Amino acid sequence: METSMGDIVVELDRTKAPITVNNFLRYVVDGTYNNTVFHRVIKGFVVQGGGYDVKYNARKEREPIFNESGNGLKNRLGTIAMARTDDPHSATSQFYFNMADNDGLDPSPRHWGYTVFGEVMDGLDVLEKIETVPTEYNSAISSPDVPTAPVMLKKVTLMKPQF
């Protein structure tokens, strides 16, 4: 992932989250994530993107996917997971990076969690820079915690697996 603040390399876990990884990769191949913004930045919690262009126009989404949060992967610092609404099976294109161990986002016997599907292999320092940018309420998307100056996700490129 080439961002306006540096590069991030993510390894996806297709074995434990096949539906989620395939969904994410379809958006990557289609170029949906290129020239989008990180629109939700909360220090010590998450850096979220994948849904809006620089003018905060929503990107086209596919049908929501099945929630795979019971796959054994946890919302730990440096993992990537799918964002969703209160409906557990509502994830589409938006994803987030965990900037802390977010146990409350993991599934429990009483509620669905948020599906983790990969881990940052390089670029955690870039995410740490992003999480410190000033944020404010943004009326275009009716959301707090939006960077005051856009933090761009310029391009997402698939790399060959490293064995």
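## Sheet, cores and cavity of a predicted model

Nine strands form an open sheet in the order S2-S1-S11-S4-S5-S7-S6-S8-S3, and their pairing is antiparallel. Strand S2 (6-7) and strand S3 (9-12) stand at the edges with a single partner strand each, so one side of each has no neighbour in the sheet. The structure described here is a predicted model.

At one end of this order, strand S1 (residues 2-3) pairs with S2 in the antiparallel sense over two bridges. Gly6 in S2 is the bridge partner of Thr3. Strands of a sheet pair through backbone hydrogen bonds, in either a parallel or an antiparallel manner.

In soluble globular proteins, nonpolar side chains tend to be buried together. The largest nonpolar core of this model has 28 residues, and Met1, Phe95 and Phe97 are those with the most contacts inside it. At least two residues of this core come from each of helix H1 (18-30), strand S4 (36-42), strand S6 (79-82), strand S7 (95-98), strand S8 (116-122) and helix H2 (124-130). The largest share, five residues, is supplied by H1. A second, separate core has seven residues, among them Leu73, Ala81, Ala83 and Tyr96.

With neighbours within four places in sequence left aside, Met1 is in contact with Gly6, Asp7, Ile8, Phe24, Ile80, Phe95, Phe97, Leu153, Lys155 and Val156.

**Two residues with positive phi**

Asn35 has a positive phi although it is not a glycine, and Tyr56 likewise has a positive value in a residue other than glycine. Both belong to loops: Asn35 is found between H1 and S4, and Tyr56 lies between strand S5 (46-53) and S6. The table sets out their values.

| Residue | Phi | Relative accessible area |
|---|---|---|
| Asn35 | about 60° | 47%, partly exposed |
| Tyr56 | near 65° | 14%, buried |

Tyr56 counts as buried because its relative accessible area of 14% is under the limit of 20%. Asn35, at 47%, falls between that limit and the 50% over which a residue is exposed.

**The cavity**

Rolling a probe the size of a water molecule over the atoms shows where empty space is left. One cavity of 30 Å³ or more is found in a search of the whole structure. The largest cavity holds about 50 Å³ of space. Its lining consists of Thr20, Ile65, Phe66, Asn67, Met82, Arg84, Pro88, Ala91 and Thr115. Of the lining residues, five are nonpolar, three polar and one charged.

Terms used: Residues numbered from 1 in each chain as written. Predicted model: local features only at pLDDT ≥ 70, side-chain atom pairs only at ≥ 80, totals over all residues. Heavy atoms only, no water. 1 Å grid on protein atoms, 1.4 Å probe; cavity = no way out; pocket = protein on both sides within 12 Å on 5 of 7 lines; lining within 4 Å. Points joined across faces, edges and corners; volume = space filled by probe spheres on them. Nonpolar A, V, L, I, M, F, W, Y, C, P; charged D, E, K, R; others polar. Pairing = 2+ DSSP bridges. Helix = DSSP H or I, 4+ residues; strand = E, 2+ residues; numbered from the N terminus. Core = buried A, V, L, I, M, F, W, Y, C linked by side-chain atoms within 4.5 Å. Buried < 20%, exposed > 50% of the residue type's maximum accessible area, 1.4 Å probe, protein only. Contact = heavy atoms within 4.5 Å.
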